[in-house]
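Here is a structure to question term by term. Each label is tested against its rule.

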Amino acid sequence: MTADAPRRVVVTDANIIINLIHAGRLALLGVLQPYEFVVSEDVVYEMAVPSQREAIEAAINGGLLRRETITAQRELTRYTELRQMVGRGEAACLVLADRVDG
(Lines give C-alpha, C1' and ligand atoms only; values in the text may rest on other atoms or scores of the structure.)
Protein backbone atom coordinates (compact mmCIF):
# COMPACT_ATOMS: atom_id res chain seq x y z
CA MET A 1 0.00 0.00 0.00
CA THR A 2 1.32 3.44 -0.87
CA ALA A 3 1.63 6.19 1.72
CA ASP A 4 -1.15 8.25 0.13
CA ALA A 5 -3.64 5.37 -0.26
CA PRO A 6 -6.71 5.84 1.97
CA ARG A 7 -7.19 3.47 4.88
CA ARG A 8 -10.56 1.83 5.37
CA VAL A 9 -11.58 1.46 8.97
CA VAL A 10 -13.40 -1.70 10.02
CA VAL A 11 -15.09 -1.58 13.42
CA THR A 12 -15.02 -5.13 14.73
CA ASP A 13 -17.38 -6.86 17.15
CA ALA A 14 -16.47 -9.65 19.56
CA ASN A 15 -17.88 -12.50 17.47
CA ILE A 16 -15.50 -11.76 14.59
CA ILE A 17 -12.49 -11.62 16.91
CA ILE A 18 -13.53 -14.79 18.74
CA ASN A 19 -14.01 -16.68 15.47
CA LEU A 20 -10.58 -15.58 14.23
CA ILE A 21 -9.03 -16.64 17.54
CA HIS A 22 -10.73 -20.07 17.34
CA ALA A 23 -9.46 -20.50 13.78
CA GLY A 24 -5.96 -19.38 14.76
CA ARG A 25 -6.19 -16.60 12.16
CA LEU A 26 -6.19 -13.36 14.17
CA ALA A 27 -2.97 -12.37 12.40
CA LEU A 28 -5.00 -11.92 9.19
CA LEU A 29 -5.99 -8.50 10.50
CA GLY A 30 -2.43 -7.33 9.91
CA VAL A 31 -2.26 -8.34 6.26
CA LEU A 32 -5.61 -7.22 4.93
CA GLN A 33 -4.61 -3.95 3.31
CA PRO A 34 -5.79 -1.18 3.14
CA TYR A 35 -7.92 -1.97 6.19
CA GLU A 36 -7.41 -0.78 9.74
CA PHE A 37 -9.31 -2.79 12.35
CA VAL A 38 -10.81 -1.03 15.36
CA VAL A 39 -12.23 -2.57 18.51
CA SER A 40 -14.07 -0.79 21.32
CA GLU A 41 -13.29 -1.08 25.00
CA ASP A 42 -16.69 -2.74 25.32
CA VAL A 43 -15.72 -5.50 22.89
CA VAL A 44 -12.47 -6.11 24.78
CA TYR A 45 -14.52 -6.32 27.99
CA GLU A 46 -16.77 -8.96 26.41
CA MET A 47 -13.80 -11.32 26.08
CA ALA A 48 -14.60 -13.42 29.16
CA VAL A 49 -12.31 -16.37 28.38
CA PRO A 50 -8.79 -15.56 29.62
CA SER A 51 -7.07 -16.93 26.50
CA GLN A 52 -9.32 -14.77 24.30
CA ARG A 53 -8.62 -11.71 26.45
CA GLU A 54 -4.89 -12.38 26.15
CA ALA A 55 -5.17 -12.83 22.37
CA ILE A 56 -7.07 -9.58 21.85
CA GLU A 57 -4.68 -7.65 24.11
CA ALA A 58 -1.73 -9.09 22.18
CA ALA A 59 -3.39 -8.08 18.90
CA ILE A 60 -3.90 -4.54 20.20
CA ASN A 61 -0.35 -4.30 21.53
CA GLY A 62 0.98 -5.73 18.26
CA GLY A 63 -0.85 -3.17 16.15
CA LEU A 64 -3.32 -5.58 14.53
CA LEU A 65 -6.23 -3.83 16.24
CA ARG A 66 -6.70 -0.27 17.44
CA ARG A 67 -8.62 0.13 20.71
CA GLU A 68 -11.12 3.01 20.84
CA THR A 69 -13.03 4.42 23.78
CA ILE A 70 -16.33 6.25 23.62
CA THR A 71 -16.03 9.48 25.61
CA ALA A 72 -17.83 12.24 23.67
CA GLN A 73 -21.19 13.21 25.16
CA ARG A 74 -23.06 12.75 21.86
CA GLU A 75 -21.57 9.27 21.43
CA LEU A 76 -22.33 8.28 25.02
CA THR A 77 -25.94 9.38 24.56
CA ARG A 78 -26.24 7.31 21.37
CA TYR A 79 -24.56 4.35 23.08
CA THR A 80 -27.11 4.51 25.91
CA GLU A 81 -29.99 4.60 23.41
CA LEU A 82 -28.60 1.63 21.48
CA ARG A 83 -28.03 -0.41 24.67
CA GLN A 84 -31.80 -0.57 25.08
CA MET A 85 -31.95 -2.62 21.85
CA VAL A 86 -28.62 -4.43 21.47
CA GLY A 87 -25.71 -5.68 23.55
CA ARG A 88 -22.80 -3.70 24.90
CA GLY A 89 -20.30 -4.56 22.16
CA GLU A 90 -22.83 -4.12 19.35
CA ALA A 91 -23.85 -0.69 20.64
CA ALA A 92 -20.24 0.43 20.88
CA CYS A 93 -19.51 -0.83 17.37
CA LEU A 94 -22.43 1.12 15.93
CA VAL A 95 -21.33 4.30 17.69
CA LEU A 96 -17.73 3.91 16.50
CA ALA A 97 -18.86 3.11 12.97
CA ASP A 98 -20.86 6.33 12.97
CA ARG A 99 -17.72 8.17 14.15
CA VAL A 100 -15.71 6.73 11.29
CA ASP A 101 -18.44 7.35 8.71
CA GLY A 102 -19.51 10.75 9.96
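Q: Why is valine 31 called exposed?
A: In this predicted model, valine 31 has a relative accessible area of 58%. Exposed means over 50%. Valine 31 is therefore exposed.

Q: Where is valine 31 found?
A: Valine 31 sits in the loop between helix H1 (14-22) and strand S2 (35-40).

Q: What makes the nonpolar surface patch of about 260 Å²?
A: Val31, Leu32 and Tyr35 make this patch. Nonpolar side chains are joined within 5 Å, and each residue needs over 30% relative accessible area. Valine 31, at 58%, passes that area limit.

Q: In what order do the three strands form the open sheet?
A: The order is S1-S2-S3, and the pairing is parallel.

Q: What makes S1 and S3 edge strands?
A: Strand S1 (8-11) and strand S3 (65-68) each pair on one side only. On average, neighbouring strands of this sheet are turned by 35 degrees against each other, direction ignored.

Q: How do you know that S2 and S3 pair?
A: Two strands pair if there are at least two bridges between them. S2 and S3 have four bridges, in the parallel sense. Phenylalanine 37 stands opposite leucine 65 in S3.

Q: Which helix lies across S2 and S3?
A: Helix H3 (residues 50-61) does, running at about 100 degrees to S3.

Q: What makes arginine 66 and glutamate 36 a salt bridge?
A: Their closest N and O atoms are 2.6 Å apart. A salt bridge needs a side-chain nitrogen of Lys or Arg within 4 Å of a carboxyl oxygen of Asp or Glu. The pair therefore qualifies. It links distant parts of the chain: arginine 66 is in strand S3, glutamate 36 is in strand S2, and they are 30 residues apart.

Q: Why is glutamate 68 called buried?
A: Its relative accessible area is 17%. Buried means under 20%. Glutamate 68 is therefore buried.

Q: What does glutamate 68 touch?
A: Not counting residues up to four places away in sequence, glutamate 68 touches Val38, Val39, Ser40, Glu41, Leu96 and Arg99. Glutamate 68 itself is found in strand S3.

Q: How do you know that arginine 66 forms a salt bridge with glutamate 68?
A: The closest N and O atoms are 2.2 Å apart. The limit is 4 Å, so the pair qualifies.

Q: Which residues are linked in a network of salt bridges?
A: Glu36, Arg66, Glu68, Glu75 and Arg99 are. The count of salt bridges comes to nine.

Q: What makes aspartate 98 and arginine 74 a salt bridge?
A: The N to O distance is 3.6 Å. Aspartate 98 lies in helix H5 (residues 88-101) and arginine 74 in helix H4 (residues 73-83), so the pair ties together parts 24 residues apart in sequence.

Q: Are aspartate 98 and arginine 74 exposed or partly exposed?
A: Aspartate 98 has a relative accessible area of 41%, so it is partly exposed. Arginine 74 has 58%, so it is exposed.

Conventions. Residues are numbered from 1 along each chain as its sequence is written. This is a predicted model: local features need pLDDT of at least 70, side-chain atom pairs count only at pLDDT 80 or more; totals for chains, interfaces and linings use all residues. Side-chain values use heavy atoms; hydrogens and water are left out. Patches are made of residues with over 30% relative accessible area and no salt bridge: like charges are joined within 9 Å, nonpolar side chains (Val, Leu, Ile, Met, Phe, Trp, Tyr) within 5 Å. Accessible areas come from the Shrake-Rupley method with a 1.4 Å probe; for residues, only the protein chains shown count as cover. Helices (H or I, at least four residues) and strands (E, at least two) are DSSP runs, numbered from the N terminus. Buried means under 20% relative accessible area, exposed over 50%, partly exposed in between (1.4 Å probe, protein chains only). Axes are lines fitted to C-alpha atoms, for helices over the stretch in contact, and angles run from 0 to 180 degrees between N-to-C directions. Contact means heavy atoms within 4.5 Å.
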